[in-house]
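Subject: Structure handover

Hello,

Here is the structure for your files. My notes on what was found in it follow below.

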Amino acid sequence: MAAAAVQSGVTQPPNPTVYVRNLEERIKIDDLKEALTEIFSEYGNVIDLVAKKNLKAKGQAFVVFEDVEAAERAIKEVQGFELFDKPMLLDYAKTRSDATVHREGNEEEFELHKRRRLAEKERKQAHQAAEEQKKLKRPAGATAPDAAATRPTKATRGAGLKSSNPGAGAVVPEEYLPPNKILFVQNLPEDYDVDGLTAIFGRFEGFREVRLVPGRKGIAFVEYEAEAGAISAKESTSGMGLGAESKPIKVVYQRQ
């Protein structure tokens, strides 16, 4: 490895997790993790290393050390060093890693940390989906609508329905709706009643009630006292197989 003339680039306060970017994206994940582990293990005990192959996470990794001092040494020594012919750019991670929270806190703190991280991830997905819908809302180069077209219209009732007004705001797909305390459950077997659903969803923190929709089969609303319970329930039950055919249910957040 040869050192590159790179500025420190450190913008975050010191913590045990090092954020590594500008990694070679064509290298297999297993090979990349092996190389990173070999390099960073020289500076301290590495308790976790996260690198993913999905598009948005390519070229990045998180190296979790046992202590802050090891992370400081690594950033000082490895900053700008080349790996697979590309200089690594290092900074401290913006948030504590799962491994750090699990090691330093108790189970309750760890679960709370995971729920917050998941909620933040889903909020970002919802925002990105809304932005993409806005881009598709009107063709490029289209003239601005006149005053009549931009007058506000009454909101359409019902989840997932789009307004017929071309100037109306984009509708976020239900898979990317931001977290809230009410879940919308779909594809339920017809023989599942309130008691059956309560047995499934009632085991999560802050459960309040299950509401069926009169005259509509296969759907229900599940309410919790706070977002945290709804987040845990959604993650644990989405895609769960119910009924004789084990048909997977769909669980999303209620559209606000």
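**Salt bridges and the sheet around them**

Glutamate 209 and arginine 211 form a salt bridge, with their closest N and O atoms 2.9 Å apart. Please keep in mind that this is a predicted model. Glutamate 209 counts as partly exposed because its relative accessibility is 34%, and arginine 211, at 28%, counts as partly exposed as well.

Glutamate 223 has 10% relative accessibility and so counts as buried, the limit being under 20%. Arginine 208 is partly exposed, with a relative accessible area of 49%.

Which strands make up the sheet, and in what order? The open sheet has 4 strands, arranged β8-β9-β7-β12, and the pairing is antiparallel. β8 (207–212) and β12 (250–253) are the edge strands, each pairing on one side only. On average, neighbouring strands in this sheet are turned by 20° against each other, direction ignored.

Inside the sheet, strand β7 (residues 182–186) and strand β9 (residues 220–224) run antiparallel and are joined by 4 bridges. Glutamate 223 comes up again here: in β9 it stands opposite isoleucine 182.

Two helices go with the sheet. Helix α5 (residues 194–201) lies across β7, β8, β9 and β12, and runs at about 145° to β8. Helix α6 (residues 227–237) packs on the sheet as well, touching β7, β9 and β12, and its direction makes about 155° with that of β12.

In total, the structure holds 6 salt bridges. One of them pairs the side chains of arginine 26 and glutamate 24, at 2.9 Å from N to O. As background, side chains of opposite charge can pair when their charged atoms come close.

Regards

Technical notes: Residues are numbered from 1 along each chain as its sequence is written. This is a predicted model: local features need pLDDT of at least 70, side-chain atom pairs count only at pLDDT 80 or more; totals for chains, interfaces and linings use all residues. Side-chain values use heavy atoms; hydrogens and water are left out. Two strands pair if DSSP finds at least two bridges between them. Axes are lines fitted to C-alpha atoms, for helices over the stretch in contact, and angles run from 0 to 180 degrees between N-to-C directions. Contact means heavy atoms within 4.5 Å. A salt bridge is a side-chain nitrogen of Lys or Arg within 4 Å of a carboxyl oxygen of Asp or Glu. Buried means under 20% relative accessible area, exposed over 50%, partly exposed in between (1.4 Å probe, protein chains only).
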